[in-house]
Amino acid sequence: MTPRHGSTDPERNGRHERQNELHEGAREGTDEAASTQASIPRRDISDQMLRDDTTNADSWLTYNKGLEQLGYSPADRIDTTNVHTLAETYTLDTESSGLEVNPLVVPGDPPVMYYSVQDVWKVEAVNARTGEQFWSSEISFPEDVKSRLYAINRGVAVWGDAVYVATPVPSIVAFDRYTGEELWTKDLLIEEQIEDRAFVTQAPMAYDETVFVGQSSDYATFTTMSALDAETGEILWQRRTAPKDEWVAETWRYASASPWMSPAIDPETDTVLFSTGNPDPAFNGLVRPGPNRESCSVIAVDAKSGDVKWSTQISPHDLWDYDVHTTPQIIDVYPSDGDDCEPLRAVLITWKAGWLYLLDIETGRILERSPPFAKQGGPAFLSLPPAGEENAETMYPAIEGATEWPLDAYSPKTNLTYVGANSAGQKVWSDPDWTAETYDPDSGFARGGGVAQIDDEDQGSSVVAVDVGRGEIAWEHELQDTDPDWSSVRAFTGGSTATGGNVVFHGSPRGHLIALNAETGKRLWRDRAGGRITAAPVVWDDSTTGEQYVAVAADDRIVVYSSDGSTA
């Protein structure tokens with residue numbers, strides 16, 4: 001099946017003069033800034049705006065752009081001939097570290113950027129052209145919760161006059177999008193969940209008066225998918241990812257099977273698509289017999305009722321922490337014999353073991369599987385992990401996967417999916433004595449075994465372009481941006497974003513934002529954004545300023561670049 005539809009290397013590309021001019025004094029005290037800035041333009045986010053986000057160049061309204069989560073912006077002011085003209089416009093210092101957030105951009109005059117800040121737990125709104133702050137609001141937690149927060153947050157959702165953020169409590173908090181005033185908060189824990197073991201890291205999704213969100217855990221408790229009324233916070237439905245009647249005995253209680261990442265929404269079929277992670281414990285499958293249903297799966301849920309339409313399990317009874325937890329993407333595909341046939345709506349999903357899958361959105365049937373896009377092998381790869389550390393064996397990829405949670409991009413112009421790929425291995429073993437009763441969450445994730453780093457001079461990361469419909473690897477660009485002494489958790493690379501200008505932007509482990517030719521993989525431009533990048537770049541066009549912007553979270557700050565595309 002076939003899916004539808006001049007190089008430079010500056011390290012500091014003329015940034016300082018421009019940054020000082022635009023950003024001077026922009027963040028000198030949040031209260032003072034808020035009182036002196038112009039107000040946010042009144043434009044409530046409609047369902048039609050969310051449906052059109054994929055095809056609009058001036059917005060980025062959901063986590064990976066569009067309800068379909070394609071990671072593609074049609075912005076084409078910057079293309080393969082002028083991407084080298086990008087220069088840093090401003091930087092948002094966040095007082096945090098290890099940022100994994102994708103900002104959202106609501107069009108207007110001026111456009112407004114919304115983002116969450118982990119560690120210090122804030123949601124902020126700024127002028128997307130200059131970085132000048134409109135408001136900054138703290139996310140409040142009970143005092144006894146603060147010390148045990150899982151301090152990761154990947155972004156916010158917008159709908160109507162509100163902005164929504166998920167928290168590690170776990171809860172959802174709604175703020176007024178224009179003032180930053182808290183509107184409501186709702187706890188997401190349900191009966192029989194173990195307190196302090198479930199949390200949320202994902203950016204929620206909002207559509208049709210509803211906020212959708214999935215919990216996370218690797219601390220030996222089950223997790224849920226939820227829908228809330230966007231106006232009131234009332235829970236409309238909640239559903240476990242580990243159905244009691246489909247797990248053996250009481251093993252559902254510590255199932256995990258977490259929907260770590262933001263879902264995709266198909267408005268044509270009123271379907272919400274969640275993806276889930278490994279069952280707990282990761283390496284000892286003896287204590288959780290059976291396929292461990294809906295772990296390592298794609299789950300299609302009716303948006304109104306929460307009923308499961310279908311679920312496709314990519315890795316039954318997973319033993320390697322190989323999640324199927326990347327954000328799903330929705331595309332149209334045609335039979336490989338041409339475009340004369342009706343298109344088939346399909347779901348793209350990446351498995352950490354190193355393959356990309358294409359599923360029928362109506363049935364969940366697997367249509368295609370790509371070739372491996374990263375190194376695979378070793379005695380423990382897709383084999384029973386040996387018992388005891390003394391018997392540990394090697395597997396490629398490591399538990400961080402051939403790809404981790406960072407976002408993929410699909411371009412309808414090239415019909416390619418761009419994956420941040422990792423080639424790093426580990427030694428793994430299982431602990432035959434692990435039990436849920438004696439497990440202590442203070443010891444870390446519920447592994448049911450352990451991992452050890454290996455010496456590997458060849459470990460590295462790359463951007464791989466995959467033609468899923470044809471089952472081919474189109475090209476691979478080696479980043480040459482990792483250190484063989486790094487651990488596999490340090491080495492995995494960031495997210496990708498494709499554009500209408502046939503450019504792929506990607507963030508690297510060493511903190512470089514790079515631009516590649518979407519058709520060939522040739523590097524066109526690179527700049528050191530700062531610290532490590534794991535999030536995906538966010539791209540939008542501003543017709544008022546006549547510039548295209550690229551924003552990326554780099555460790556403790558969000559860096560914004562722009563250019564009018566002129567090469568004169």
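Four strands form an open sheet in the order E3-E37-E36-E35, with antiparallel pairing. Strands are DSSP runs of E, at least two residues long, numbered from the N terminus. Two of them pair if DSSP finds at least two bridges between them. This is a predicted model: local features need pLDDT of at least 70, side-chain atom pairs count only at pLDDT 80 or more, and totals for chains, interfaces and linings use all residues. Residues are numbered from 1 along each chain as its sequence is written, and side-chain values use heavy atoms, without hydrogens and water.

The edges of the sheet are E3 (87–93) and E35 (538–542), each pairing on one side only. E35 pairs with E36 (residues 547–554) in the antiparallel sense, over five bridges. Here Trp-540 stands opposite Tyr-549 in E36.

Now the largest pocket. Its space is about 530 Å³. A pocket is an open set of points on a 1 Å grid over the protein atoms alone, where a 1.4 Å probe fits, with protein on both sides within 12 Å along at least five of seven lines; lining residues have an atom within 4 Å of a point. The volume is the space filled by probe spheres set on the points. Of its 24 lining residues, Tyr-150, Glu-404, Trp-405, Val-489 and Phe-492 are the closest to the centre.

| Lining class | Residues |
|---|---|
| Nonpolar | 10 residues |
| Polar | three residues |

Asp, Glu, Lys and Arg count as charged.
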